[in-house]
Number of protein chains: 2
Amino acid sequence: MREVMKKKDIEVKFRVFEDRCRQSGLKVTPQRVAVYKALIGTDLHPTAEEVHRMVKQDIHSISLDTVNRTLLTLAEIGAAFQVEGTGQRRRFDGDLENHQHFRCIKCGKIVDFHHKPFDNIDIPAQLHGQFQVMRKTVYLEGLCQTCSAVSSS
Amino acid sequence: MREVMKKKDIEVKFRVFEDRCRQSGLKVTPQRVAVYKALIGTDLHPTAEEVHRMVKQDIHSISLDTVNRTLLTLAEIGAAFQVEGTGQRRRFDGDLENHQHFRCIKCGKIVDFHHKPFDNIDIPAQLHGQFQVMRKTVYLEGLCQTCSAVSSS
DNA sequence: TGACAAATAAGAGCTAATCCTATTTAGTAG
DNA sequence: CTACTAAATAGGATTAGCTCTTATTTGTCA
């Protein structure tokens, strides 16, 4: 559904990002910018290693540790999200728009899906005092078509 | 809301579990049973290591690997769930009843909450062919009270 | 009761993530 | 433009959670 972002859009988002960094007292380093741009330029829920591979094309010397640290930082300032799921390997998502996830409990695959009614669910009033909610996701688990076929045979 | 399960309830669930194992062609070993009972007897989303510690009281020689393997198996046959979340450490949940999770993006804490309307959300029709949905969770991310206070100071 | 596939224990091995430290750099004030 | 300082980075070492391997044990079913 969502197309991979165009260069121009990335530039626009970048200014917002830059502001957000300075507000949080974070330096706008080339590494940080490169990681951010790489992340919002894909919709594949990349791992740190995958982002590292992408970013290396621009900044040859960037370390995996920096990418990891930066991705966590982005998640902390709300410029990206960790994808909820499996637990083996951390995956990130630069798409801040509403979308939902399905995860297969057998093969671990995570699939995006969109469903308008889910975009507008209301946070229960009881939570208002307790939490500052920045993201709502409907998370479904079960068997994908492939695994479903295998396990019933 | 949910009280930790009483011994009698655990015994009832255990019979269901036993059947489910045999149906899946799995042996009902003491280790498997102990892990299962430990998991449904708590609501703390334990890690494999935590379950291991609990189970060791009954079966002194049980290995961490067995606990890990068993927990994954339980999740595979639908007798338990992996808690969606963080990505560092795998956590499990033996509570198959409807409940939702909030996760703090700063400290990683996962908190259960209950909200009736979320228990009855409908799976979008578009997914019916693609996935066999076994669990629906509304997953909220943001800042908990503690972290919210710290970051605004 | 015997046979066999499945499960287990124990430890080795693997891999993602984190830590450590010397060096570099963005932001800022002069 | 220059100098300063705290923050960020590179690179390698370390850690920790999880998985694999192998020999042994144990449910299950005939």
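Modeller: An open sheet with mixed pairing is formed by 6 strands in the order β4(A)-β3(A)-β5(A)-β5(B)-β3(B)-β4(B), where strands are DSSP runs of E of at least two residues, numbered from the N terminus, and two strands pair if DSSP finds at least two bridges between them. At the edges lie β4 (110-113) of chain A and β4 (110-113) of chain B, each of which pairs on one side only. From one strand to the next the twist averages 30 degrees, taken between lines fitted to C-alpha atoms, with angles running from 0 to 180 degrees between N-to-C directions.

This is a predicted model, in which local features need pLDDT of at least 70 and side-chain atom pairs count only at pLDDT 80 or more, while totals for chains, interfaces and linings use all residues. Residues are numbered from 1 along each chain as its sequence is written, chains are lettered from A and ligands numbered from 1 in the order in which they are written, and side-chain values use heavy atoms, with hydrogens and water left out.

The strand to look at closely is β3(B). With β5(B) it pairs in the parallel sense over 4 bridges; B:His101 has B:Tyr139 as its bridge partner there, and B:Cys104 has B:Gly142. With β4(B), β3(B) pairs in the antiparallel sense, also over 4 bridges, and B:Gln100 stands opposite B:Phe113. These two strands form a hairpin with 5 residues between them, and in the turn B:Gly108 has a positive phi of about 80 degrees.

In a regular strand the side chains alternate between the two faces of the sheet. In β3(B) both faces are covered, with B:Gln100, B:Phe102 and B:Cys104 buried on one side and B:His101 and B:Arg103 buried on the other; buried means under 20% relative accessible area with a 1.4 Å probe, protein chains only. Because 5 of the 5 residues of β3(B) are buried, the strand is largely enclosed by the rest of the structure.

B:Phe102 also belongs to the largest nonpolar core, of 26 residues, in which A:Phe102 and B:Phe102 touch the most other members; such a core is a set of buried Ala, Val, Leu, Ile, Met, Phe, Trp, Tyr and Cys residues joined through side-chain atoms within 4.5 Å. The elements giving two or more residues to this core are β3 (100-104) and β5 (131-144) of chain A and β3 (100-104) and β5 (131-144) of chain B.

Notes:
Buried < 20%, exposed > 50% of the residue type's maximum accessible area, 1.4 Å probe, protein only.
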